[in-house]
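Student: Could we go through this one together? I keep meeting terms and would like to see what stands behind them.

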Amino acid sequence: MIAAIKPAGTKTRGLLAYLYGPGRHDEHLDPHIVAAFALLGMPDPGRDEHATLSALARHLDAPVALRNSEFGKPVTDHVWHCPVRAAPEDRHLSDTEWGEIAQRIVSAAGIAPEGDDLACRWIAVRHAPDHIHILATTVREDGRRPKLHDSGLRVGDACRRIEEDYGLRRLHKGDRTAARRPTQAEMHKTERLGWQQTSRQWLEQRIRAALPHVRDTEELLSYLQSDGLAIKARRGPSGDLLGYSAGRPDEVNKQGEQIYHPGGKIAPDLTLPKLHARLETGTPEEHPTARRDRSTSPWHQATDALDTLHDHLHATTTDDGDGDAQAQAHLAALGELIEVTAQGAPAPLVADLHAASRAFAHVQRSRIRADHRAADALRLAARDIVHTATGPDGSALAALLAAMVWATILAGRWHEAKGHAHQAEAAHRTLQHLQAATDQALAPTLVALERRQPREDARRTLANDVRAAVPDHAERILADPTWPALATTLADAEAGGHKPHQLLKEAAAKRELHTARQPARVLLTRLQHTARNPAPNRRAEAARRRSTTWTPHATTEANAPQPPPPGTDHTQHRGHRPGR
C-alpha cells in the first residue's frame, strides 16, 4: 500500500472537482465519501443529489475562513491531499475497510490524531476499487496549524502495519534514499512532449554518466555544460561553489525561462556536498596514460580491482560495522565502473548495461556515509577505461562482466545483512541485466572454444584435474554445457605453462560455486582473466640471470614459454602428461 502525500494546495473546491469528476480518462466511477472527521451532516455530492461541491468545500474550509478573518496574514497553503493505493494483486477492500484505513492514515500524519476533538477537518473519497483520496484542510478547530513534520515517514510506517493487519502485499519500509517519484504533472508533460524520461530522470542519467570523466565538482559542471545541459551555479562572495542546479535543454516555463532542478531534487546523492566528497578525495591522481601499466589492458585492470571489492564486501557482510563506510564507497565506485563499461561496450550489450547502471543507482545509496578514499583503486580503473582508445576483446569484457555479476551478488547480500531492503531489491534488478549482458558477451567466445576442444582422452585428464581441485562441485561442472569450452581454456593455459589443477583451485577460491547457475562458465571467465599470460618458467628465468651475469648482451627470449597460437589443435598432443 502506497500513500503519497502531495504538495500543499490552495483550492479545496478545485480538488473536490477532480475527485468527483470523471477523471482525465473517464476512469472515476461512483465517487463517494467513505470516511470523514464527522459523517453526521456531511454533504456528499456522490450520495446526495442536493449536495454541491461548493457546499462541501465551505464545510471543510470553515476553520480556515475563521482563522483568516481573525489574523492579518491569511492561510493559503491549507489543502492537504494524500492518495492511498493498494497493490494490483491485493484483494478489493470494502468501503468500511477503506474508511478504517483512512482513519489510521490521518491519525499517523498528524491531521487528526486519535482522541483529538479539535483536529483538522478531512474526508476520504473513493472513486475506484483500488484507491481512495484523503483531503484535509490544515487549520485545526482551535485555529492552530497541525504538526506535519516527517508526516511522510509516519504515514509510511502506518501503511506497513496496515498491510500486515489486512493481509495485503508487504512493501519495505522507506529509508529516504530513493529518488523522488515523478509527479503527475511531470508524467503528463513527458507524455505530451514525447519524451522517454521525465526531466529529473534524464538529468540524473547524464550526471551519473559524467562522474567517471571528471576529478572535481568544477570540472563536473563544465563537462555537463559542454554536454548540452543548462547549469546554474550558486557561488559565495569568494567565488567558492556553494550549490548547483541543472536543466534540460529547451525546457522552459510559461515565461520562456529555463527550468532548473537542484541536484538534491534530481537524486539524493547528487547534492554538491556529496559530489564533492565523492570526487575530491584528496588523493593525488596521475593522468591515466601515465598511470597505466601498458602490458595490461584497462579492462583487465578493472577486473583485478574488482577482486579487492569482492574481498571487502565478503568480509564486511557479517562484521560489526567497522568496514561499512569503505564498503559503501566501493559500491559507489562499482556504479561508475558499470556506467563506463556501458559507454564502451559493443552495441548489442549497451541496452542491458545502461539498464543495469540505472538500477544500480539505488544500490550505491544508503544511510551509511561512504569513505570514498577506500575505493580509489576501483574508481581509477573506471577512469582508465574512459581514457582508453580501444574497446575490450570478447574474453576481457566477459571476464569483467562476470566479475561485476559476482560483485552485485555480494552487494545484495551486504545490503540484506544491513537491513537495506530497497537496495537489495535494486541489486537483484541489476543482476538480471548484468547476467543478460554477460551471456551475450561470452557467446562468441564459447562457440570458438568449443570448435577446438581437446580430444576425449585429454578431456578425461582435465576432468580428473577438476575432481581433484573442486571435488564438491566437480559433477555439476562436468555436466555444465560450458564444460567443453572450459576444457579448451584449461588446455590453453597448460600450454602457456600453467597448472590446470592450481588454476582451478584459485578460481574457485575467488567465487563460490554452489550459487552459480553454470559453474563451468564462472570458472571459464575467471581462467581467461588469470591465465591470459604465460606462467613464469623458473629454469628459463635462472638461465636468463646466469646469462645476464656472464654475458651482459645475451638474451634468452627464445627459451621463454610462449602461449599457443589462436588455432592450436589440442588433439595432437593431449592424453598423457609426462611426470603424472
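Tutor: Let's take a few terms in turn. This is a predicted model, where local features need pLDDT of at least 70, side-chain atom pairs count only at pLDDT 80 or more, and totals for chains, interfaces and linings use all residues. Residues are numbered from 1 along each chain as its sequence is written, and side-chain values use heavy atoms, leaving out hydrogens and water.

Student: Why is Q364 called buried?

Tutor: Buried means under 20% relative accessible area (exposed is over 50%, partly exposed in between; 1.4 Å probe, protein chains only). Q364 has 9%, so Q364 counts as buried.

Student: What does Q364 touch?

Tutor: Leaving aside residues up to four places away in sequence, Q364 touches R208, R278, Q328, L331, A332 and G335. A contact means heavy atoms within 4.5 Å.

Student: Which residues of helix α9 are buried?

Tutor: In α9 (residues 272-279), they are L272, L275, R278 and L279. They cover an arc of only 125° around the axis, so they sit on the same side of α9. That arc is taken from the directions from the helix axis to the C-beta atoms. Helices here are DSSP runs (H or I, at least four residues), as are strands (E, at least two), numbered from the N terminus.

Student: What makes β6 and β7 a pair?

Tutor: Two strands pair if DSSP finds at least two bridges between them. Strand β6 (residues 230-235) and β7 have 6 bridges, in the antiparallel sense. One of the bridge partners in β7 is S245, facing K232.
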